[in-house]
Amino acid sequence: MQEDDSDFSLFAQEVQGIKPLKKTEIYLGKKQGEIDFTERQKAALIAKVEDRNHLSKDYVERVDPNDMLEYKRPGVQDGVFKRLRQGKYGVDARLDLHRRTVDQARRDVFQFIEDCMRNDIRVGIIVHGKGDRTPDNQATIKSYINKWLRDLDDVMAFHSAQRHHGGLGAVYVLFRKSEKARLENWERHQKR
């Protein structure tokens, strides 16, 4: 115990006359001129868009390059799904994901869906490629498209495209009707 007391008293003697500095400013680096915040603002806006994108980049169940993709939400009429499957609806929007990374495809798909909804587009097509020319013969983007479209509330149904639209390397997407389109449809049927 005496050793600890002697160390403390030695330290107390050494710092006896020291007075604390009075400084209100903390200096962390070289001071520069005016700071341009435009780049920070742009980055913040991009981060906000990224935050809204809930599409997952995590594990996805792989599909084969030659698998047909199909999905229909409950409530979608069989006749509507059949016409989509047969490519009988006019395609109003197109997204090509060839040579995209998963991150780029994720961002592009999310933006594409938002743009289609904002512009009252009912049917679009996403060209994802089959993935059979990749070194590992993995249909990576196709697998993610199969997952992502199921996770988006605005997607009512999707199906692999007809051969003339890209076949197994593309998918037709049926979007939810906007409130404006629903109202117009209702009014059109009331006038009969």
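Biologist: Happy to look at this one together! How does lysine 72 count: buried, exposed or partly exposed?
Modeller: In this predicted model, lysine 72 has a relative accessibility of 31%. Buried means under 20% and exposed over 50%. The value for lysine 72 falls in between, so the residue counts as partly exposed.

Biologist: Let's step back for a moment. What pattern does the protein chain follow along the sequence?
Modeller: The chain contains six helices and five strands. Reading along the sequence gives their order as α-α-β-α-β-α-β-α-β-β-α.

Biologist: What share of the contacts with a separation of 6 or more comes from residues 24 or more positions apart?
Modeller: The protein chain has 192 residues, and 32% of them are buried. Among contacts with a separation of 6 or more, the share from residues 24 or more positions apart is 72%.

Biologist: Now to helix H3. Within what arc do the buried residues of H3 fall, seen down its axis?
Modeller: H3 covers residues 78-85, and its buried residues are Val80, Phe81 and Leu84. Seen down the helix axis, these residues line one face of H3, because they fall within an arc of 95°.

Biologist: Which strands are included in what covers the buried residues of H3?
Modeller: H3 is followed by glycine 87, with a positive phi near 75°. The cover over the buried residues of H3 includes S1 (70-72), S3 (123-127), S4 (155-160) and S5 (170-175).

Biologist: How far does the backbone oxygen of leucine 55 lie from a polar atom of the side chain of arginine 106?
Modeller: Arginine 106 belongs to helix H4, residues 102-118. At 7% relative accessibility, arginine 106 counts as buried. A polar atom of its side chain lies from the backbone oxygen of leucine 55 at a distance of 2.4 Å.

Biologist: How many residues apart do arginine 118 and aspartate 115 lie in helix H4?
Modeller: These two side chains form a salt bridge whose closest N and O atoms are 2.5 Å apart. Arginine 118 is exposed at 55%, whereas aspartate 115 is partly exposed at 28%. Both lie in H4, about one turn of the helix from each other, and their separation is three residues.

Biologist: Where does aspartate 154 lie, in the pair that it makes with arginine 176?
Modeller: The side chains of arginine 176 and aspartate 154 meet in a salt bridge of 2.3 Å, N to O. The pair links distant parts of the chain, 22 residues apart. Arginine 176 is in the loop between S5 and helix H6 (179-190), and aspartate 154 is in the loop between helix H5 (140-151) and S4.

Biologist: Which residues do salt bridges that share partners join into one network?
Modeller: A search of the whole structure finds six salt bridges. Those that share partners form one network of Arg100, Arg107 and Asp108.

Biologist: What is the relative accessible area of arginine 99?
Modeller: Arginine 99 lies in the loop between strand S2 (93-96) and H4. It has a positive phi near 60°, although it is a residue other than glycine. Arginine 99 is exposed, because its relative accessible area is 83%.

Biologist: One last thing! Which residues make a nonpolar surface patch of about 300 Å²?
Modeller: One member sits in the loop between helix H1 (2-14) and helix H2 (38-52), namely valine 15. Valine 15 is partly exposed, with a relative accessible area of 30%. The patch is made by Phe11, Val15 and Ile18.

How values were computed:
Residues numbered from 1 in each chain as written. Predicted model: local features only at pLDDT ≥ 70, side-chain atom pairs only at ≥ 80, totals over all residues. Heavy atoms only, no water. Buried < 20%, exposed > 50% of the residue type's maximum accessible area, 1.4 Å probe, protein only. Helix = DSSP H or I, 4+ residues; strand = E, 2+ residues; numbered from the N terminus. Arc of directions from axis to C-beta. Contact = heavy atoms within 4.5 Å. Patch = residues over 30% accessible without salt bridge, like charges linked within 9 Å, V, L, I, M, F, W, Y side chains within 5 Å. Areas by Shrake-Rupley, 256 points an atom, 1.4 Å probe, with all protein chains shown as cover. Salt bridge = Lys/Arg side-chain N within 4 Å of Asp/Glu carboxyl O. Polar contact = N/O pair within 3.5 Å; in protein donor to acceptor, adjacent residues only side chain to side chain.
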